[in-house]
Amino acid sequence: MVILIVAGVGGYFAYKYYTTSSSSNTITVGMPMPLNSLIGQNMLDAAQLAVNQINAAGGVTFNGTSYQYKIVTYDTQEADPSIPIQNGINGVTSLITTNHVNFLVGGYRSDVVLAELPIVAQYKELYITFGADTGISTYVQQNYSVGGKYIFNGFLNTTNQGAQYGTLPIYLLLAYMEGKIPTNITKIAILGEDAAWTKADIGSGGLSCPLAIAFGYAGFQPTYCNVFPLNPSGGSYDSLLSTLAADGTQAIYMLAAGTETPLLISNYGAFDWSTDAATHGAKPLLLGADVMAEFNGNSASTNYYQMTSAGAADEMTFGWGPTLAQSFTSTSLPFYNDFVANYSQNPIFADGFVYSAFYYLASAIEAAKSINANAVIPYLEKTDFTGPMGIITFSSSHGLLVPINPNPAIPAFGMQWHKDGKLYPLWSSLWSSPNYAAVDIPPYGTGAGGTVSFENFETPSGQLIGNFTVVVPKGL
Amino acid sequence: MAGILAPVLIDGALYGCTYVLIALGFTLLFGISRVLNLAYGALYMVTAYMIYYFAVELGVSIVLSVLMAVLIAIGVGIAVFLLCVRFAPDPMRFLIVSLLVALLLQYVFEYYFFGETGLIIPGLIPIKEFLFLGVSVSPVYVDTAAVSVGLLIVLWWWIEGTEYGRTIRATAEDPETASLFGIRVRTVYLVVVAVSSALVAVAAALIVPAQEVYPSMWIEPFVIAFVVAVVGGLGKFYWTIPAAFLLSFTQVFVEYQYPTSVSLSDIVAFAVAIGFIIILPRGIGGIRRDAA
């Protein structure tokens, strides 16, 4: 009998300890994140930075009471595109039903996030998520009154991203045609990771894929378009690279947000491109969204250049700032400096969005004077927050509104690894004159024209060109 | 088709030598002890992760990292063998326990390294490729091929030309009679296990720097070793060589024909193995006996 009582009391306290979500002065935020990867660890660091700052400044205060943020995590492992979406579903379910969190902030891989949405809607749990698929906003729109309203997409979707990403290759082709750079990138291959967010660009592959058609309108000559395998047969991408070399590829446009790129880039750097007649033996220019390429840490396990055995030399990657010490808003540099000071590592593209989410969530809670999701939602919908990466405002379907005229509300940012092993700022969509809409996305042909500036450009053969300006003709 | 002929021939030959190195230890162990050790591929993974731990996380020199990793793999190999022999002495239970050990090791490394995939480790051989007959060739596979040939010659000499080699062959032929002649059978098995583990560990140390480290990476070398052993004939040590090349050329052809295919070459590997089990159950090395 005594044993039963002791077990019962102990069990009660254990239950309270492990499942307490909100003590009287705590707001618990559940974060389903790919914590088994550098990407997820970095995003958690950004979240923790925000939480530490907010808590140190008195926390979230309303009705005369201050609440401290507390983060509870669940490792979904979703940065690896081969991981099943069930991991994400398990994550949000566990955080909601076991940890009883007040809010959810997290998510990374779009197909995982999409799978999580019905669960979140069912439990009416407010969720700020960072997937890139337009399907997230579509879900909110179609299910707003039956749970969709609890979901906010705190990251740019693929349409918003493409409006800025899609122009960088065109600027570089113009730069070649104007004689500003010696690198001809006309023959372009398109590689994407096999994930939901690349479907809009890659489709089912082949030269009729959407991105190949768009590049064709812009004056490129696409040579290849397909997804690349996560774990290549034989452990090497040489068979794929041989195909690209035989095709005379001059540039490779890559879309990869997972952890699989170090091997691909390592192979790309090691490959002998002598059979590529179009580049006269030089490796093709590599550009695109490669999240892992943003890691500029001090050790072999956190520095992409070292991870790829120098294969990343001259690779260009673009994301959202501030990944380097660049100023996009008044809070960019303070955030960057605080992040580096705390974690000895630069922030990556998603970090500004994660960091901002805790701030504008806090503002919405304070304005609502409540942690009840139904009370918070109307204030969250009115968010107008300036974060380190740009301005956060939401559309009616809870996606980010990213106007690009006269200048993008959330500017894209490009970087390039040089042969010296360092990561340099290359381009920002703010570096246009007189305003951003220097070029429209083909085939519209309604671009206003203007100039776009670049810095620190290095050719694939290691020639440092430095700074140059591209003239973008009107009507492109 | 003409465009992929040169890369298929060159890479097929290089991969074939690599497969010989990977499969040698597996076949040697089965040939001597008549046990199928399904934890064999896990030693490949152990070596890779240990190199990552020493060289990348601790900053130890690559030579020392490789040496320590190989020694650890040998130790793990011996420990696994002793565990299986002690608690699962019959072949079927040995098979099951060794597979479970491989899975256990996978989850241990997944736990310790947070399940991270795509880890790259430094190597002893530069990875910068060079052109040979119009094909970009990796020095990793060239050097691995050379090491494979060298080790094959050393092993052949050890088994055929030395006193201890005679002891090993006697034990393989009839362990009970060998024991009656004073041969310490258990010691012979342990020596063979150590050599077998060392072979797969050396293969990992040479090859993995050109690939990547991830928790389930043990499956591919296991598949290679198993398929080569089946195609060559289980226990038929020297028939490993033609079997390895048959497999490598088939897989490389598929890889170049379908460069973005996922797992197609592994599908081919298993199909080849199944085909041989059905048509030639004793493998290439048993053709004469089957014909008789």
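Two strands are said to pair if DSSP finds at least two bridges between them, and strands (E, at least two residues) and helices (H or I, at least four) are DSSP runs, numbered from the N terminus. What I am showing is a predicted model, in which local features need pLDDT of at least 70, side-chain atom pairs count only at pLDDT 80 or more, and totals for chains, interfaces and linings use all residues. Residues are numbered from 1 along each chain as its sequence is written, while chains are lettered from A and ligands numbered from 1 in the order in which they are written.

Let me start with the sheet in chain A. This open sheet has six strands in the order 2-3-1-4-5-6, with mixed pairing, and its edge strands, each pairing on one side only, are strand 2 (60-62) and strand 6 (151-153). Strand 2 of chain A runs antiparallel to strand 3 (residues 65-75) of chain A, and three bridges join them; in strand 3, A:Tyr67 is the bridge partner of A:Val60.

Which residues of helix 10 of chain A are buried? Among them are A:Asp238, A:Leu240 and A:Leu244, where buried means that 20 or more other C-beta atoms, placed from the backbone, lie within 10 Å of the residue's own, with 12 or fewer counting as exposed and values in between as partly exposed. Because eight of the nine residues of helix 10 (residues 238-246) of chain A are buried, this helix is largely enclosed by the rest of the structure. Just after helix 10 of chain A, A:Gly248 takes a positive phi of about 75°.
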